[in-house]
Amino acid sequence: STGNPAVYVGTYHKYASGSLFGMWMDLTKFYDYEEFMDACRALHNDEEDPEFMFQDYEGFPEDWYSESSLDEDTFDLIQKYVDLDDDKKDAFEAFMECKSSGRDAEVFEDFEDCYQGEFDSEEDFARYIAHECCMLDNVPDSITQYFDYEAFARDLFMEYTYWNGYVFRD
């Protein structure tokens with residue numbers, strides 16, 4: 001496994017005949033969707049009109065996987081996903097899990113709009129916001145020690161979501 005987005009491509013006919021013949025295909029190795037489909041057809045050129053079966057997948061969000069199809073829009077989404085920085089891929093997957101954003105191109109814009117960063121806890125995010133917004137800058141240290149970050153976090157997370165260490169604006 002390369003860690004790259006890949007699918008195992010077989011056919012329904014072979015599977016129904018008791019054969020698991022197919023191949024893992026690294027989706028980053030193809031220039032575009034048509035080149036990928038040409039490779040699938042070449043792999044299964046012993047069938048006149050192969051009905052492809054994508055028997056397994058790895059390296060991309062589960063929401064985009066389907067055993068029965070890998071369409072051009074999904075292929076393009078996977079290519080965009082590959083272009084994300086490695087540190088953002090985990091955050092993007094968390095976003096997909098908690099927001100169920102689906103399979104359209106806007107999912108990347110939604111992610112960029114909502115993603116606030118990685119934090120140890122909701123309270124950690126509240127501390128970050130309080131300091132980033134300079135909320136306590138003019139308050140003496142003898143008083144700031146009484147600021148209730150836990151309560152502030154409760155209020156903040158009426159408009160934010162904390163998921164697997166990442167914070168997203170609702």
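Predicted model: local features only at pLDDT ≥ 70, side-chain atom pairs only at ≥ 80, totals over all residues.

Where is the place of glutamate 35? I found glutamate 35 in helix H2; helices (H or I, at least four residues) and strands (E, at least two) are DSSP runs, numbered from the N terminus.

Residues are numbered from 1 along each chain as its sequence is written, and side-chain values use heavy atoms, with hydrogens and water left out.

**Entry: the negative patch.** I looked up glutamate 35 again and got 34% relative accessibility, so it counts as partly exposed (buried is under 20% relative accessible area, exposed over 50%, partly exposed in between, with a 1.4 Å probe and protein chains only). Glutamate 35 belongs to a negative surface patch, together with Asp32, Asp71, Glu72, Asp73 and Asp76. A patch takes residues with over 30% relative accessible area and no salt bridge, and joins like charges within 9 Å. Helix H3 (residues 72–83) gives the largest share of this patch, three residues.

**Entry: salt bridges.** I counted eight of them, a salt bridge being a side-chain nitrogen of Lys or Arg within 4 Å of a carboxyl oxygen of Asp or Glu. One of the pairs is glutamate 47 with lysine 14, at 2.8 Å from N to O. Glutamate 47 lies in the loop between H2 and E3 and lysine 14 in helix H1 (residues 12–16), so this pair ties together parts 33 residues apart in sequence. Both ends are hidden: glutamate 47 is buried at 13%, and lysine 14 is buried at 9%.

Next I checked glutamate 34 and arginine 41, whose closest N and O atoms are 2.9 Å apart. Glutamate 34 is partly exposed at 43%, and so is arginine 41 at 35%.

Then came lysine 89 with aspartate 86, at 3.7 Å. Both lie in helix H4, three residues apart, about one turn of the helix. Lysine 89 counts as buried at 18%, while aspartate 86 counts as exposed at 62%. I also noted that salt bridges with shared partners join Lys14, Asp46 and Glu47 into one network.

**Entry: histidine 44.** Is histidine 44 buried or exposed? I read a relative accessible area of 0%, so histidine 44 is buried. Histidine 44 sits in the loop between helix H2 (33–43) and strand E3 (52–58). Beyond four places in sequence, its contacts (heavy atoms within 4.5 Å) include Lys14, Phe21 and Pro50.

Note on methods. Patch = residues over 30% accessible without salt bridge, like charges linked within 9 Å, V, L, I, M, F, W, Y side chains within 5 Å. Areas by Shrake-Rupley, 256 points an atom, 1.4 Å probe, with all protein chains shown as cover. Lys, Arg positive; Asp, Glu negative; His and termini not counted. Charge placed at Lys NZ, Arg CZ, Asp CG, Glu CD.
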